[in-house]
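Please keep the sequence and the model in view while reading.

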Amino acid sequence: MPDFKDVTLALLLVSAMPLAAHAETPLPDAIAAPGETTVLTVHAEGAQVYECKAGPDGKLGWAFREPIATLMADGKTVGRHFAGPNWESVDGSAVVGKASGNAPGATASDIPWLKLDVISKRGSGILTPVTTVQRINTQGGKLDGACDKAGTTKSAPYSADYVFLRKG
């Protein structure tokens, strides 16, 4: 007759197998950063701000202007995200990124997932070694509908996770 501990261990191992298989969903190739190491992962809550502008065809439409978001980890504010795009830590370190890849969000109302290359840094702290930023798990942030007066602004709430990576 099998020992109770052996049966318990076998059941735990079998029940954990599906969890391990789905523990980490691979990122789309367009925003993957193979060989890079995570420095910090934060959750952002904020808004994507849009401005009513004339497009190339002369018709008014909403054009992305800037993000504004609070960066959080473990329920605490650890920084902010704003135009540039900039990410600034409460320790004074900051990075500016430039988009180098994107993938669609999960729904039509979600802004895309992004890969951004760091193009400048300032200060000294947690963000100092960062070379790449990924925006993933986006919810909301897209603005649809007509605008009728150039120069007016409107915001769309969004949330996302930002992963700060370093090479090597």
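A cavity is a set of points, on a 1 Å grid over the protein atoms alone, where a 1.4 Å probe fits but cannot get out; its lining residues have an atom within 4 Å of a point. Grid points are joined across faces, edges and corners, and a volume is the space filled by probe spheres set on the points. This is a predicted model, in which local features need pLDDT of at least 70 and side-chain atom pairs count only at pLDDT 80 or more, while totals for chains, interfaces and linings use all residues. Residues are numbered from 1 along each chain as its sequence is written, and side-chain values use heavy atoms, without hydrogens and water.

The structure holds one cavity of 30 Å³ or more. The volume of the largest cavity is about 40 Å³, and its lining includes Leu-40, Val-78, Glu-88 and Phe-164. At least two lining residues come from each of strand E1 (36–54), strand E3 (76–82) and strand E4 (86–89); strands are DSSP runs (E, at least two residues), numbered from the N terminus.

## Aromatic rings

Rings of Phe, Tyr and Trp (its six-membered ring) pair if their centres lie within 6.5 Å; planes under 30 degrees apart count as stacked, over 60 as edge-to-face and the rest as tilted. The count comes to three aromatic pairs. Tyr-50 and Phe-64 form an edge-to-face pair, 5.9 Å centre to centre with 75° between the planes. Because Tyr-50 lies in strand E1 and Phe-64 in strand E2 (residues 60–73), the pair ties together parts 14 residues apart in sequence.

Ring pairs also link Trp-87, Tyr-162 and Phe-164 into a cluster.

Definitions and conventions
1 Å grid on protein atoms, 1.4 Å probe; cavity = no way out; pocket = protein on both sides within 12 Å on 5 of 7 lines; lining within 4 Å. Helix = DSSP H or I, 4+ residues; strand = E, 2+ residues; numbered from the N terminus.
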